[in-house]
Amino acid sequence: MNNNNTDKEVPLGKVLSIFLTDDGLKDVTLITSDGELVRANHYVLSARSVVFRRLLRGNYFSEATNLEVDVGFPGSIMRDIVEYSHTDTCASLSWNNSNNNTNKQSPLEEWHAEKEHVETLVGLSGAAMYYNLPSLAKKIETNLTQHLRRTPSLSLAVLAACRKGGPSIPVELVECAMASVRRNKSALFDEKAVACVNDSLVKEILKDKDLKIDEYDLFMFLTQWMERSPKDRESVAKDLSINIRLEKINPEDLHSSVSSSGLFAPDEIHEAYRKQALEAQQSNHAFQIPSFQQTKSIAWRKLHSVSLWVSSNSS
């Protein structure tokens, strides 16, 4: 008997993986958007995906023996799509940063490596939906959820990647990312996470009614985003600042950090104080200047700051 491994019978469960590893069985070349050539077996792809079936087995290719097909996704994505079509898993689903790097990384380097990976997963999810592979899209959602639980500060990076991917990204993935932002508000104050978002996403976060956070914290999020590139973002940040309800911010903070931020005109600060004074009056508080020795309650401290401001501006 010949002991050569190539002569052994291949178990049925491994047949498809043989099509992936045996170059002699590959009869189609996928030309990716970044110029990479990904080889595969067109019968396997066609059996796995109705989209591939229409693409590879249409009349145009019926007479071809070695197909070459342009695809609109990068090589890293198409390698995963081909691998998943043959094996029900792929490299991105089994990614582990500790195994991928022999040199010790700093925490910042580890974060950016994981950020790059979750962005790849988001892109892969869009390709999974395009090629009608919902089981892959579901596995990606589960995988991303695990990443976000382990590293909550990646929430903004994932949400930014989802928005960049547009309508091709499953809505479940967008909801998963936004839910993570709402659960982990600390991501809004993580400098490296804030750097991931653009102005449209900042606006979306500022207007999100389900994000339970103090108005002052939203102001801090906006200023931190602006300070990442003040020359380019200051005018945009001023436009976005209309989404912040100044009257909900403590007068002491209005007088200090908010006023000095340059995002709000003096008239806007004045109007916020006016609304706070009216609210205090409607709450049956006598509009007078109490001393902090009389009471330390938040309500009286708020009224105290408003009263001081009104007195100084009326003199």
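Which residue's side chain does a polar contact of 3.1 Å join to the side chain of Lys 26? The partner is Asp 23. A polar contact is a pair of N or O atoms within 3.5 Å; within protein, one must be able to donate a hydrogen and the other to accept it, and residues adjacent in sequence count only if both atoms are side-chain atoms.

## About the model

This is a predicted model: local features need pLDDT of at least 70, side-chain atom pairs count only at pLDDT 80 or more, and totals for chains, interfaces and linings use all residues. Residues are numbered from 1 along each chain as its sequence is written, and side-chain values use heavy atoms, with hydrogens and water left out.

## Lys 26

Lys 26 sits in the loop between helix 1 (15-21) and strand 1. Helices (H or I, at least four residues) and strands (E, at least two) are DSSP runs, numbered from the N terminus. Lys 26 counts as buried because its relative accessibility is 14%. Buried means under 20% relative accessible area, exposed over 50%, partly exposed in between (1.4 Å probe, protein chains only).

A polar atom of the Lys 26 side chain lies 2.9 Å from the backbone oxygen of Leu 20. Leaving out residues up to four places away in sequence, Lys 26 touches Phe 19, Leu 20, Arg 39, Ala 40 and Asn 41. Contact means heavy atoms within 4.5 Å.

Three strands form an open sheet in the order 2-1-3, with mixed pairing. Strand 2 (37-40) and strand 3 (67-70) are the edge strands, each pairing on one side only. The twist averages 25° from one strand to the next. Two strands pair if DSSP finds at least two bridges between them. Axes are lines fitted to C-alpha atoms, for helices over the stretch in contact, and angles run from 0 to 180 degrees between N-to-C directions.

Strand 1 (residues 28-31) runs parallel to strand 3, joined by four bridges. Val 28 stands opposite Leu 67, and Ile 31 faces Asp 70. With strand 2, strand 1 pairs in the antiparallel sense over four bridges. There, Leu 37 is the bridge partner of Ile 31.

## Helix 9

Helix 9 (residues 171-183) has 13 residues. Its buried residues include Leu 173, Cys 176 and Met 178. The buried residues pack against helix 6 (107-130), helix 7 (134-150), helix 8 (155-165) and helix 11 (199-206).

How values were computed
Expected span 1.5 Å × (residues − 1).
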